[in-house]
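This briefing is meant to be read alongside the sequence and the coordinates. It begins with a single residue and then widens to the whole chain.

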Amino acid sequence: MLDTILLGLGLVLIIEGLVFALAPSRLDELVQMMAEMGRDRRRVLGLGALALGLILVWLSKG
């Protein structure tokens, strides 16, 4: 169980690190776009990402 959590955390850090390293200017644009978005819209996007992540984890273990 712990090894799976560490694997997932490592993958997230790799992907986020790539975004910061390869496209920092696009990241600035994304932050600005998120700031302009309404709080409810951000919440729905977050819940959608959470649901998609849970489905992907469930499928990978199946």
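Isoleucine 14 lies in helix α1, the element that covers residues 2–22. The model is predicted, and the values below are computed from it.

**Isoleucine 14 and its surroundings**
- Isoleucine 14 has a relative accessible area of 53%, and because exposed means over 50%, this residue is classed as exposed.
- Ile14 contributes to a nonpolar surface patch of about 710 Å², whose other contributors are Leu7, Leu11, Ile15, Leu18, Val19 and Leu22.

**Fold content**
- The protein contains three helices and zero strands, and when its elements are read from the N terminus on, they follow the order α-α-α.

**Overall dimensions**
- The radius of gyration of the protein is 15 Å, whereas a compact globule of 62 residues would have a value near 11 Å.

**Burial and surface**
- Of the 62 residues in the protein, 3% count as buried, a class that requires under 20% relative accessible area.
- The accessible surface of the protein amounts to about 5,700 Å², and carbon and sulfur atoms account for 72% of that surface.

Conventions: Residues numbered from 1 in each chain as written. Predicted model: local features only at pLDDT ≥ 70, side-chain atom pairs only at ≥ 80, totals over all residues. Heavy atoms only, no water. Patch = residues over 30% accessible without salt bridge, like charges linked within 9 Å, V, L, I, M, F, W, Y side chains within 5 Å. Areas by Shrake-Rupley, 256 points an atom, 1.4 Å probe, with all protein chains shown as cover. Salt bridge = Lys/Arg side-chain N within 4 Å of Asp/Glu carboxyl O. Helix = DSSP H or I, 4+ residues; strand = E, 2+ residues; numbered from the N terminus. Buried < 20%, exposed > 50% of the residue type's maximum accessible area, 1.4 Å probe, protein only. Rg over C-alpha atoms; globule rule 2.2 N^0.38 Å.
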